[in-house]
Amino acid sequence: METKSHKKKGMLQDPVLLLVIVLVIAVLLMFVLLPLFSILKGSFLDKNGVLSFDSYKALFHNKNFLTAFGNTLKLGLTVGLTSTIIGFLFAYVKQCVKSPFKKLYSIIEILPIISPPFVLALSAITLLGRRGIITYKLLGIPNFDIYGFKGLVVVQTMTFFPIAAMTLDGLLENFDVSMEEAARNLGANRLKVFTSVMLPMLASGLANVFLLSFIESVTDFSNPMILGGGYKTLASQIYIQAIGNYDTQTGTAIAAILLSVTLIVFILQKAILDKRSYVTLTGKASRVREMIEDKGIVITSNALCLFVSFWVLLFYVFLVLSAFFKTWGADYTLVMKNFDYVFKYSMKPVKDTLLIAVLAAPIGGILSMIVAYLVVRKRFIGRRFVEYVSMLGMAVPGTVFGLGYILTFNTKPLVLTNTLWILVIVLVMTRLPVGVRSGMSALRQIDPSIEEAATDLGASTAKVFSSITLPLIRPAFYTGLVFSFVKSMTAISAVIFLVSANYNLLTVRVMQHVDKGQFGYAAALSVILMAIVFVAVGIMNLILRRFGRSNDTKLIV
């Protein structure tokens, strides 16, 4: 009892800590909840500002909306299933099967994560479009249609399965091998062990990965805009209604419906995680896993992984090549004219993107570590509120955030539209959950007695955090920095609502070129963007190696 009262008294006597808690809650209220409230509020108001359900009534009697709603669910469920299956295949081969290609598989997993979400869609058009190199040039099929549901499933699966693979990597790495060995010793064959031991133990992890892939798919904006054709989805319809048709009421209603779908899935995901997989409770495996060497399993599993890897690499190679094509779809002579045009007319978006990413990364990294520290180490009223609201960015579609920011910060008292800071803030808030999760995971591995000793010696909370906690969770901090920078460079769905003549971004300029059919310029800008990201990640990795990194903290990107 004395310890608890001492802690409460210490908190009350620490004005810096109280100020930080108040500021964090204020930031989350203003920049996470208020924009979402603006979306919900706007969806229930008519053009005269009067409370009305007309927008929802009109939507549910609108055939185009119902089609888009069904399309979104169909695409999300399909991509969730395919991403989970391919992600599990990659994770299983890396962790359980003998293979000389594991480094290749690791590279394949990283590529879609550190590149813009739409680059594979551009490659799909280059290779498999109506004038595609494979479909038109090699196979002589003039009217092959990559647009629509099938094309989106292929591209989204290639984009999102690496997230599933990296998540399942950790689960399989910690799987207790002794359970499998016990089943084998009792006479079960590998298939029986796989279906009766491994899959049931991984069930909650697989469900979590499926729901995560589902959320990624239904909130994806750029791929349906580029490759959707007539296949409408809710994320793209929000932009089309609010920006294209200047119909904010309908846009907010669609945004509210999409938000409700993703929040329901997010709650399901949290419920599954709270149940905890049996695997995560067992800790590290008691002994090193012996890699499977059965020829049938080794050849089949590696052949499937190599097939997927081939297509992913092919798409990236031809994205780079298409940036040098003289005339896309007609003349494939390699020239520099696309880059000449980009360097002449599109350098401002490059500079703006770099500036905004450089600002967003440290702000997001520091804020995420502060939030993680408060949630894990401190007990105060509103702690759960801080934890859950800071994680909302995982469930809120970028288009919903972007529209919410336009509605919230376009009028007094806080006018941020057409400024640099609205772009920085939305990027910080949408990337906050990853940094917070990384920081919380790192803090839970550190004995709190180290910090308590400093406090007993008279150090303030600010001093303890800056001189002890932050250095100890440095790997997680750098992970948050790198992730925030990469995702700020490659973001599209939220920021497309917020760019202006003052500040434009590379990803938005790429989409503008795609809309005009200027695929060569779009590819050239995408190559420049990926080059910047690769260089930045390389520099950050060098820094991580120099300062050292905990074995338990993996670089997210």
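User: How many residues lining the second largest cavity are nonpolar, how many polar and how many charged?

Analyst: In this predicted model, the lining of the second largest cavity divides into 4 nonpolar and 2 polar residues, with no charged residue among them. Here Ala, Val, Leu, Ile, Met, Phe, Trp, Tyr, Cys and Pro count as nonpolar, Asp, Glu, Lys and Arg as charged, and the others, Gly among them, as polar. Residues are numbered from 1 along each chain as its sequence is written, and side-chain values use heavy atoms, leaving out hydrogens and water. Local features need pLDDT of at least 70 and side-chain atom pairs count only at pLDDT 80 or more, while totals for chains, interfaces and linings use all residues.

User: How is a cavity found, and which residues line the second largest cavity?

Analyst: Rolling a probe the size of a water molecule over the atoms shows where empty space is left. A cavity is a set of points, on a 1 Å grid over the protein atoms alone, where a 1.4 Å probe fits but cannot get out, and lining residues have an atom within 4 Å of a point. The second largest cavity is lined by L122, T126, S322, W328, F519 and A523, and its volume, the space filled by probe spheres set on points joined across faces, edges and corners, is about 30 Å³. Helices α6 (119-128) and α26 (519-547) each supply at least two residues of this lining; helices are DSSP runs (H or I, at least four residues) numbered from the N terminus.

User: What is the volume of the largest cavity, and which element gives the largest share of its lining?

Analyst: The structure holds 2 cavities of 30 Å³ or more, and about 50 Å³ of space lies in the largest cavity. Its lining is made by G364, G365, S368, V428, R431, L432, G435, G480, F483 and S484, with two or more residues coming from each of α18 (347-377), α21 (420-443) and α24 (474-490). The largest share, 4 residues, belongs to α21, and by class the lining has 3 nonpolar, 6 polar and 1 charged residues.

User: Which residues does a cis peptide bond join, and where does Y246 lie?

Analyst: A cis peptide bond, with omega of about 15 degrees, joins K412 and P413, and P413 has its place in the loop between α20 (398-408) and α21. Y246 lies in the loop between α13 (234-244) and α14 (248-275), and, although Y246 is not a glycine, its phi is positive, at about 55 degrees.

How values were computed:
On a 1 Å grid over the protein atoms alone, a cavity is a set of points where a 1.4 Å probe fits but cannot get out, and a pocket is an open set with protein on both sides within 12 Å along at least five of seven lines; lining residues have an atom within 4 Å of a point.
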